[in-house]
Amino acid sequence: MGMSLEGQKVIMVPYMEAHVPKYHVWMQDPALLQATGSEPLSLQEEYDMQLSWNEDPLKKTFIVLDKGMVEGKFVHGGPHVEAMVGDVNIYMNDLDDPQLAEIEIMIAEPKSRGKGLGKESVLMMMAYAVQNFGIHVFRAKIGESNGSSLSLFRKLKLPDQPNLMTLPSSFHHEALAQGNIGVGSDRAKAGGAFAVVW
């Protein structure tokens with residue numbers, strides 16, 4: 001069993017077989033499919049995907065739990081499906097740059113959106129990737145219609161310096177956001193790719 005990561009609002013646990021039925025229900029929602037650029041899978045295909053993600057050394061997936069929804073005491077190694085609200089992933093698929101990872105976040109439960117769970121999960125995943133995989137560059141590919149993700153990544157940037165991102169002092173890092181993502185730019189309004197150098 002893999003490690004769990006605990007923040008102020010979320011607990012991130014490995015994607016387990018027990019999570020698959022709820023994850024599968026989420027991924028039948030056309031809006032989530034569009035926002036994540038995913039195709040619908042059968043339940044068996046979802047089980048196969050969960051297994052492949054856990055076996056692939058170039059991918060890391062955590063299920064995001066809302067700490068306020070955990071029933072009873074949190075037990076490391078338990079799936080806590082009742083508190084499951086989304087997932088966060090990194091993909092280390094760039095063979096030319098092993099220090100680069102694509103990062104994705106999905107808060108699938110509508111009642112858990114807008115609470116800062118996605119932001120905390122992204123920052124925790126970035127810190128985990130730096131410490132455990134030596135990742136120093138993160139990219140997030142965001143479709144132009146995914147306003148929630150665009151907003152999240154804009155919130156991670158300093159408003160007076162559109163190309164600089166400062167992470168909370170607890171991470172002791174500064175990051176540089178690269179690309180045409182300046183606040184108010186046509187590119188930012190239309191979506192795009194965010195890159196963060198750690």
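Predicted model: local features only at pLDDT ≥ 70, side-chain atom pairs only at ≥ 80, totals over all residues.
1. Aromatic pairs. The whole structure holds six aromatic pairs. In the pair formed by Y15 and W53, the ring centres are 5.6 Å apart and the planes meet at 45 degrees, so this pair is tilted. Y15 belongs to the loop between β2 (10–14) and α1 (20–26), and W53 to helix α3 (residues 43–55); the two are 38 residues apart, and the pair links distant parts of the chain.

2. Burial of Y15 and W53, and their cluster. Y15 has a relative accessibility of 2% and counts as buried. W53, at 11%, also counts as buried, because the cut-off is under 20%. Together with Y23 and W26, Y15 and W53 form one aromatic cluster.

3. F62 and Y128. At W53 the relative accessibility was 11%. For F62 and Y128, the ring centres lie 5.2 Å apart with the planes at 85 degrees, so the pair is edge-to-face. F62 is in strand β3 (residues 59–66) and Y128 is in helix α4, so the pair ties together parts 66 residues apart in sequence. F62 is buried, with a relative accessible area of 0%, and Y128 counts as buried at 9% relative accessibility.

4. A charge at the F62 ring. F62 also has the charged end of K60 over its ring, at 4.9 Å from the ring centre.

5. Strand β3 and its partners. Of the eight residues of β3, seven are buried, so the strand is largely enclosed by the rest of the structure. β3 pairs with β2 in the antiparallel sense, over five bridges; here V64 of β3 stands opposite M12. β3 also pairs with strand β4 (residues 84–91), again in the antiparallel sense, over seven bridges. K59 has Y91 in β4 as its bridge partner.

6. V122 in helix α4. V122 is placed in helix α4 (residues 117–133). V122 counts as buried because its relative accessibility is 0%. Which residues is V122 in contact with, leaving aside its neighbours within four places in sequence? They are I103, I105, L152, F153 and L156. The C-alpha atom of V122 is separated by 7.9 Å from that of E104, which is 18 residues apart from V122 along the chain.

7. Points to check in the viewer. Helix α4 can be inspected at V122 and at Y128, whose ring pairs edge-to-face with that of F62. Strand β3 can be inspected at F62, and along its pairings with β2 and β4.

Conventions
Residues numbered from 1 in each chain as written. Heavy atoms only, no water. Helix = DSSP H or I, 4+ residues; strand = E, 2+ residues; numbered from the N terminus. Buried < 20%, exposed > 50% of the residue type's maximum accessible area, 1.4 Å probe, protein only. Contact = heavy atoms within 4.5 Å. Phe/Tyr/Trp six-rings, centres within 6.5 Å; stacked < 30°, edge-to-face > 60°. Lys NZ or Arg CZ within 6 Å of the ring centre and 35° of its normal. Pairing = 2+ DSSP bridges.
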